[in-house]
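This report is meant for a reader meeting the structure for the first time.

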Amino acid sequence: DILDQGLHSIGFLWEPGSKFVSIYSKERVMILFWTVMLLPLSLQTKLKRLEKFSSLGVLSIIFLVISAVIHSIIHGDVIGSGTNSSSPVEVKSLLWPKSFASMLQAFPIIIFAFSCQVNVCQIYEELKPTTPSITEDTESNVTILKLKQQLMEHITRNGIILCTSLYLLIGVFGF
C-alpha cells in the first residue's frame, strides 16, 4: 500500500519510543487527512478560492501520467508489448468490457465525469474578463457577456485538450 510505504519512509516516526507507532493506523491517518485538509476545502462557497488547490490536483495528475509513461517506456509495457504478455494483444479487445462486472467497474468513473459538470455554471458566473472600462449601459453588458463567453470557450477548449492528452497517454502507456 502506498500510504504505508510513504509513512514508513519517514524514519523518525518509527524510532523506539515514538508515540506515532502506537497510534498509527491507516484509518486514523485518512480520517485526519479528510478532516484537516479536505473538509475545509469542501465547505468553500466560491470556486475561486479553490484555484490553487485545483491547480495542485491537475499538476499531481500530470505527474502521475508522466510517471506512468516513463515507467512504461523503461519496462516496455506499451499495449501488449510488455514482458508480461505472452501473445500480442488486439487493441480492439481492450476497448470493450469483457463482462458485466468489468462494465460496472467503469460506471463510477462515468458518473463522476457527469457530476463534475454542475460546476460549469458557477465557474462561468465567477469569470471576470478583463475590460478597459465597465459602464452600466446595455452595450457594455453585452460586451462583457461576449468576453465571458469567449473566455469560457478558451477554458473549455484547453481543458478538453489537456484531458484528452492525459487520457491518451495513460491509455497507451498506463497500467
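Glu51 is partly exposed, because its relative accessible area is 43%, where partly exposed covers the range between buried (under 20% relative accessible area) and exposed (over 50%), computed with a 1.4 Å probe and protein chains only. Glu51 forms a salt bridge with Lys48, and the closest N and O atoms of the two are 3.0 Å apart; a salt bridge here is a side-chain nitrogen of Lys or Arg within 4 Å of a carboxyl oxygen of Asp or Glu. Lys48 itself counts as exposed, because its relative accessibility is 55%. The structure holds 1 salt bridge.

The model is predicted, and local features need pLDDT of at least 70, side-chain atom pairs count only at pLDDT 80 or more, and totals for chains, interfaces and linings use all residues. Residues are numbered from 1 along each chain as its sequence is written, and side-chain values use heavy atoms, with hydrogens and water left out.

As for the overall architecture, the protein has 8 helices and 0 strands, which are DSSP runs numbered from the N terminus, with helices (H or I) of at least four residues and strands (E) of at least two. Of the 175 residues in the protein, 11% are buried. The accessible surface of the protein comes to about 14,400 Å², and carbon and sulfur atoms account for 70% of that area, as given by the Shrake-Rupley method with a 1.4 Å probe, where for residues only the protein chains shown count as cover. When contacts (heavy atoms within 4.5 Å) between residues at least 6 apart in sequence are considered, 48% of them join residues at least 24 apart.

Which side chain of opposite charge is nearest to Lys148? Lys148, placed in helix H8 (residues 138–173), is buried yet has no salt bridge, and the nearest such side chain, Glu125, is 4.5 Å away; for charge, Lys and Arg count as positive and Asp and Glu as negative, while His and the chain ends are not counted. A polar atom of the Lys148 side chain lies 3.3 Å from the backbone oxygen of Tyr124. Leaving aside residues up to four places away in sequence, Lys148 touches Tyr124, Glu125, Leu127 and Pro129.

| Pair | Separation along the chain | C-alpha distance |
|---|---|---|
| Gln122 and Leu47 | 75 residues | 7.5 Å |
| Ser72 and Ile170 | 98 residues | 9.8 Å |

Gln122 sits in helix H7 (residues 119–126) and counts as partly exposed, because its relative accessibility is 30%. Not counting residues up to four places away in sequence, Gln122 touches Thr45, Lys46 and Leu47. Ser72, by contrast, is found in helix H4 and is buried, with a relative accessible area of 1%.

On the surface, Met30, Leu32, Phe33, Trp34, Val36, Met37, Phe53 and Leu56 form a nonpolar patch with about 810 Å² of accessible area together. Patches are made of residues with over 30% relative accessible area and no salt bridge, with like charges joined within 9 Å and nonpolar side chains (Val, Leu, Ile, Met, Phe, Trp, Tyr) within 5 Å. Helix H3 (26–42) and helix H4 (51–75) each supply at least two residues of this patch, and the largest share, 6 residues, comes from H3. Leu56, one of the patch residues, lies in helix H4 and counts as exposed, because its relative accessibility is 55%.

Methods. A polar contact is a pair of N or O atoms within 3.5 Å; within protein, one must be able to donate a hydrogen and the other to accept it, and residues adjacent in sequence count only if both atoms are side-chain atoms.
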